[in-house]
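Subject: Structure for your review

Dear colleague,

Please find below the structure that I am handing over to you. My notes on what was found in it follow directly after it.

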Amino acid sequence: MIKEDCLFCKIAKGEIHSATVYEDSHFTVILDVNPATKGHCLIIPKEHFDNIYDLDGETAGKLFALATCIARAMKDALKCDGLNLVQNNGEVAGQTVNHFHLHLIPRYEGDGLNL
Ligand code: 5GP
Ligand code: ZN
């Protein structure tokens with residue numbers, strides 16, 4: 001399902017431009033427009049799910065498998081020292097875009113980021 005007036009549905013359909021680093025029939029991976037560190041990416045399912053509570057298990061499994069591939073590619077390409085996976089659900093938890101997404105945030109020695 002695609003939701004009208006959803007930013008990430010529009011990005012997934014290519015209606016709004018983003019820096020896409022990977023795409024397949026299920027997911028698009030983009031650079032975050034306001035990166036916490038260099039190379040901060042978002043894995044976005046093309047189908048609309050508000051958050052983890054309505055994400056189905058099959059999509060979750062595919063998404064995590066993709067996350068392992070992207071993580072290894074980021075380690076090789078960015079030479080990062082570590083990586084945080086972050087996933088926010090609900091306003092109180094910091095979710096600002098109500099279309100499920102997984103943050104991959106590369107970490108660098110001395111980057112000073114507090115998550
Ligand atoms: P959340 O706070 O919902 O977990 O994360 C939303 C993320 O989406 C934020 O890190 C924010 O910078 C990013 N974001 C919001 N709007 C856009 C956009 O139009 N393009 C891209 N590439 N990222 C966006
Ligand atoms: Zn959406």
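What is the mean pLDDT of the protein, and what percentage of its residues reach 70 or more? This is a predicted model, and its mean pLDDT is 96, with 100% of the residues at 70 or more. The scores for the model are ipTM 0.99 and pTM 0.97.

The annotated position may interest you first. In an unreviewed UniProt entry, the annotation "active site" covers H101. In the model, H101 lies in the loop that connects strand 4 (82-86) with strand 5 (102-107).

I turn next to the ligand. Around ligand 1 there are 13 residues, and the closest are V33, N34, N88, T96 and V97. By residue class, the shell around ligand 1 consists of six nonpolar, six polar and one charged.

Finally, a note on one helix. Helix 2 spans residues 57-78, which makes 22 residues. From its first C-alpha to its last, helix 2 reaches 30 Å, close to the 32 Å expected at 1.5 Å a residue. Just after helix 2 comes K79, whose phi is positive, at about 55°.

Yours sincerely,

A colleague

Definitions and conventions: Residues are numbered from 1 along each chain as its sequence is written. Chains are lettered from A and ligands numbered from 1 in the order in which they are written. This is a predicted model: local features need pLDDT of at least 70, side-chain atom pairs count only at pLDDT 80 or more; totals for chains, interfaces and linings use all residues. UniProt positions are given in the numbering used here, feature names are shortened, and annotations may be inferred rather than shown by experiment. Helices (H or I, at least four residues) and strands (E, at least two) are DSSP runs, numbered from the N terminus. The expected span of a helix is 1.5 Å times one less than its number of residues. A residue is near a molecule or strand if its C-beta atom, placed from the backbone, lies within 6 Å of it. Ala, Val, Leu, Ile, Met, Phe, Trp, Tyr, Cys and Pro count as nonpolar, Asp, Glu, Lys and Arg as charged, and the others, Gly among them, as polar. pLDDT is the predictor's confidence in each residue, from 0 to 100.
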